[in-house]
Amino acid sequence: MTQAVTLKPFTPRVFSGVQPTGNLHLGNYLGAIKRFVALQETHECIYCVVDMHAITVAQDPDELTRATREVTAAFIAAGIDPKKQIIFNQSQVAGHAELAWVFNCIARIGWLNRMTQFKEKAGKDRENASLGLYAYPTLMAADILLYRATAVPVGEDQKQHLELTRDIAQKFNFDFADRIRALGLESAEYFPQPEPLIAGPAPRVMSLRDGTKKMSKSDASEYSRLNLTDDADAIATKIRKAKTDPEPLPSEIDGLKGRPEAENLVTIYGALSNRTAEDILREYGGGQFSTFKQALVDLSVASLSPIGDEMRRLVADPASIDAILAEGSARARAIAEPVMREVRAILGFIQS
Ligand code: TYM
């Protein structure tokens, strides 16, 4: 006997997550957070501080707490409204771990073996990586599908994980198609195929020290990235020291080919100012790099300083941040729990 449950159609819904590890940088802002802010105008959004993903590599507990509050503060300082949208930390909604386990039993080892991020993060010492780091992408699929989210804004580095999420959704729908139908859903699609939203102006911000490497929290050089909490002096120093080549900026886009550092700085300028590369090169092409860099310093300080200041103000009151996370977690749970009940029913688990 199958238990009767009512399966509802998909609500258009955005979900994304950011890890509370290290400092947030310009890549996180342009590739993800700035776009989270824009999406709240048109979508119901759920933004998650993924503390359970963070512990796939060793974390200092106090530092994890601090970083969780800091990412929450960054969301709010960048302009996400926690009253309208849901902001919460992953560990507070048990469904993430529960659904991840189900997906560990759906995903194939061969699929996980293809994940390039695991290979990069585990490095040569793969035997010594945590099992959690290996299974990271199934937890990420659970994050998204627990809310049956339909759109996921991320930077380009997350593309492969999104493809895996779609594969897991498809296999679950396929494996349990009869059961899902028997439980009363017209079509056999229980989980949606979430759409990756990667096409922002800066889906891959590169290191300021090496235009062929992605800007990353784990780069040993502080000069490789602009942090959201950097002050005006740090921003200016890092941009002035940013690697460039000896040629002046070109006047046409074609002239950026084979010049990754120059291209990266133009991309950053464009994403911060909402201007196209053509437009920027029309203004700065042919001129000295130093003139363009100064303009980029001014723009970066004007864009990032207010966010950094607001983040500092918010983290100075941890009780208020924790209250926002508690409220967001309760709202997230209210969406997740009925989904988990349905998933358990689909699987055949007896539940009270
Ligand atoms: P994380 O915490 O590494 O990064 C957060 C977001 O920032 C983007 N990003 C970048 N975008 C452009 N250029 C860069 N250099 C750059 N570096 C980082 C990332 O693509 C990401 O969108 N696995 C995720 C977190 C996650 C998640 C999820 C995301 C967990 N569950 C569910 C979406 C949906 C991660 O480690 O992001």
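Contact means heavy atoms within 4.5 Å of each other. This is a predicted model, where local features need pLDDT of at least 70, side-chain atom pairs count only at pLDDT 80 or more, and totals for chains, interfaces and linings use all residues. Residues are numbered from 1 along each chain as its sequence is written, and side-chain values use heavy atoms, with hydrogens and water left out.

**Exercise 1.** Find out whether Asn 264 is buried or exposed, and what Asn 264 is in contact with.

Solution. 
- Start with the place: Asn 264 sits in helix α11 (residues 260–273). Helices here are DSSP runs of H or I, at least four residues, and strands are runs of E, at least two, numbered from the N terminus.
- Next, the cover: Asn 264 counts as buried because its relative accessibility is 5%. Buried means under 20% relative accessible area, exposed over 50%, partly exposed in between (1.4 Å probe, protein chains only).
- Last, the partners: setting aside neighbours within four places in sequence, Asn 264 touches Val 205, Met 206, Ser 207 and Leu 208.

**Exercise 2.** Work out where Gln 90 is found and which polar atoms its side chain meets.

Solution. 
- Look between β3 (86–89) and α4 (95–104): Gln 90 is in that loop.
- Check the cover: Gln 90 is buried, at a relative accessible area of 0%.
- Now the polar atoms: a side-chain polar atom of Gln 90 lies 2.9 Å from the backbone nitrogen of Met 52.

Terms used
Polar contact = N/O pair within 3.5 Å; in protein donor to acceptor, adjacent residues only side chain to side chain.
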